[in-house]
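Work through the exercises below with the sequence and the model open. Try each task before reading its solution.

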Amino acid sequence: ASLADAGVAVVVVSSDLKELLALSHRVLVVRAARIVAELPATAQEHDIVEAAMPGGRGEDRELRRGAP
């Protein structure tokens, strides 16, 4: 059984997007101590970069728990 199957969360902090996408089920973008975007690990690298940029699509988005 995997850690995810056991309900364990693992936080990985990295600027290497390929590494994050390979290790993750989802990617949370954090800016100024706030989660500004949540993307599936199937997201493209440019989607993550766009969400991370100030004024990016995550800027004004309210994050709902469990949202895809």
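**Exercise 1.** What pLDDT does the chain average, and what share of the residues score at least 70?

Solution. pLDDT is the predictor's confidence in each residue, from 0 to 100. The chain averages 76, and 79% of the residues score at least 70. This is a predicted model: local features need pLDDT of at least 70, side-chain atom pairs count only at pLDDT 80 or more, and totals for chains, interfaces and linings use all residues. Residues are numbered from 1 along each chain as its sequence is written, and side-chain values use heavy atoms, with hydrogens and water left out.

**Exercise 2.** Find where pLDDT stays under 50.

Solution. Look at residues 59-68, where pLDDT stays under 50. The model has 14 contacts (heavy atoms within 4.5 Å) beyond four places in sequence for residues 59-68. Where pLDDT is low, the predicted coordinates should not be read in detail.

**Exercise 3.** Which elements have the lowest and the highest mean pLDDT?

Solution. Elements are DSSP runs numbered from the N terminus: helices (H or I, at least four residues) and strands (E, at least two). H2 has the lowest mean, 81. Strand S2, residues 34-40, has the highest, 86.

**Exercise 4.** Describe the largest nonpolar core.

Solution. Such a core is a set of buried (under 20% relative accessible area, 1.4 Å probe, protein chains only) Ala, Val, Leu, Ile, Met, Phe, Trp, Tyr and Cys residues joined through side-chain atoms within 4.5 Å. The largest has 11 residues, including Leu17, Val27, Val36 and Ile48. H1, S1, S2 and H2 each supply at least two residues of this core. Ala43, one of the core residues, touches Leu21 and Ile48, not counting residues up to four places away in sequence.

Conventions:
Buried means under 20% relative accessible area, exposed over 50%, partly exposed in between (1.4 Å probe, protein chains only).
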